[in-house]
Amino acid sequence: MSKQFDVVVIGGGPGGYIAAIRAAQLGFNVACIDEWKNAAGGPAPGGTCTNVGCIPSKALLQSSEHFEQANHHFADHGITVKDLKMDVATMIARKDTVVKQNNDGILYLFKKNKVTFFHGRGSFVKAVEGGIEVAVAGKTEETIAAKQVIVATGSNARALPGTPFDEENILSNDGALRVGAVPKKLALIGSGVIGLEMGSVWRRLGSEVTILEGLPTFLGAVDEQIAKEAKKAFDKQGLKIELGVTVGEIKNGKKGVSIAYTNAKGEALTLDADKLIVSIGRVPNTIGLNAEAIGLKLDERGAIVVDGDCKTNVPGVWAVGDVVRGPMLAHKAEEEGVAVAERIAGQHGHVNFNTIPWVIYTSPEIAWVGRTEQQLKADGVKYKAGTFPFLANGRARALGDTTGMVKFLADATTDEILGVHIVGPMASELISEAVVAMEFKASAEDIARICHAHPSLSEATKEAALAVDKRTLNF
């Protein structure tokens, strides 16, 4: 007889493992199935985020930022460094250690919360009376059953048509995190989050980096004023970003990659590089799920179709994270995982898509929540805008990093905060204040009236809120 559970979660990434833990906290008998393996073949829960995404990329960004600081900025502080070298193997090993710490942390949390873990690939078998049967294919094969199933199988990197990833010369985010030496010339297709972050890592370590972007605008989802400020900083750093290009034939040879493309002027050009990172988006991961066995509905992209509560068309089956509609963000997946577990328990799980923060962990960092100025104009919303540059912030001056600004957008009549956009130091941390403020329907005046510690970067947030009413104190 199959092992019986109240809730089975397929996928152990941010959406899956968090859903499993929350369901267990609510008193359910829970199992989580995840197939990720470490180098030794052991379990490595955490999904793309932990293994080849958010966590390892931040580890490499931190290492490369240290190198950049030592190489170019320590002298400003009176620190002399001689014979500076980067041991890429040690950097990659540290990244792997950070990843393993997170993998082990999730396994510990499963044990602590009494979640049964299955290491293998989960797939649907059939619907049975009172639930769903799920197969687990690992070192051994078995079938388990659950009253409720949460699918959290994530997403995969999108390859260019006719140009598969070999993870040697043509790299996805996975291969980009395992490069063993600094490429002399690095090419990237796509100037989104992954492209900018990985381009920044290797540029800091000495690569000549060229990013080819098909869109005519830079970071089209970002507030235009913020995107322009970021582009100016990246240009100054030496990241070469070409917009409005059309990529043609890509030749993968023993000595590297050759990319034929047409630039925005219509000129036919060729870019030769040692490595090529392709970061043109991601696709939902439903391959091998055997969705048809239970009649689970997928859309034209292969994503699982869900309603506003993450319910699928099959009773008792839910789906969260990258495998459904909405932004492909780890923290969005986590919130959906918690919400679904609570809905299964009869509670009212909550996810507010309007207050999900976005972050690009480059230097300067870029972070935002809410609507952009372009969106407000397009929607016909009357608004007020206020900006404050880090150039006028005392803590930023002391840090030696005054690039960027904070921008507030507020309703012209009610003063409710409609969007906050930041480019500059520690933007990823500063944006949380804006998320809290918007979740509680705060006004710009509310932030302007709150005492912020001095000196701190957060004072730029207060000053930008003051700027909405044209009364900044330090600029």
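Colleague: How do α1 and α8 lie to each other, roughly parallel or roughly antiparallel?

Modeller: Two packed helices are described by the angle between their axes and the distance between the axes. Here α1 and α8 come out roughly parallel to each other (under 35 degrees; over 145 is roughly antiparallel, 65 to 115 roughly perpendicular, the rest oblique). The angle between α1 (14–25) and α8 (330–344) is about 30°, and their axes are 7 Å apart. Axes are lines fitted to C-alpha atoms, for helices over the stretch in contact, with angles from 0 to 180 degrees between N-to-C directions.

Before we go on: this is a predicted model, where local features need pLDDT of at least 70 and side-chain atom pairs pLDDT 80 or more, while totals for chains, interfaces and linings use all residues. Numbering starts from 1 along each chain as its sequence is written, and side-chain values use heavy atoms, without hydrogens or water.

Colleague: Which residues of α1 and α8 make the contact?

Modeller: From α1 they are Pro14, Gly15, Tyr17, Ile18, Ala19, Arg22 and Ala23, and from α8 Ala330, Ala333, Glu334, Gly337, Val338, Ala341 and Glu342 (contact means heavy atoms within 4.5 Å). An α-helix has 3.6 residues a turn, so residues three or four places apart point the same way.

Colleague: OK, sheets next. What is the strand order in the open sheet of five strands?

Modeller: Strands pair if DSSP finds at least two bridges between them; helices (H or I, at least four residues) and strands (E, at least two) are DSSP runs, numbered from the N terminus. In this sheet the order is β17-β18-β21-β20-β19, paired antiparallel. β17 (358–360) and β19 (383–389) each have a single partner strand, so one side of each has no neighbour in the sheet. On average, neighbouring strands are turned by 10° against each other, ignoring direction. At the β19 end, seven bridges join that strand to β20 (405–411), and Ala385 has Leu409 as its bridge partner in β20.

Colleague: Which other residues have a positive phi although they are not glycines?

Modeller: Leu219 has one of about 50°, in the loop between β9 and α7 (224–237). Leu219 is buried, at 11% relative accessible area. Asp415 has a phi of about 70° and belongs to the loop between β20 and β21 (417–424). Asp415 counts as buried too, at 13% relative accessibility.

Colleague: And where are the cis peptide bonds?

Modeller: One joins Ser363 and Pro364, with omega about 5°; Pro364 is in the loop between β17 and β18 (365–370). Another runs from His454 to Pro455, with omega near -5°, and Pro455 is in the loop between α12 and α13.

Colleague: Last one: what is Leu212 in contact with, beyond its neighbours within four places in sequence?

Modeller: Leu212 lies in β9 (208–212) and counts as buried at 1% relative accessibility. Its contacts are Leu188, Ile189, Gly190, Glu242, Val245, Ile259, Tyr261 and Leu271. Gly244 is 32 residues from Leu212 in sequence, and their C-alpha atoms are 8.1 Å apart.

Conventions
Buried means under 20% relative accessible area, exposed over 50%, partly exposed in between (1.4 Å probe, protein chains only).
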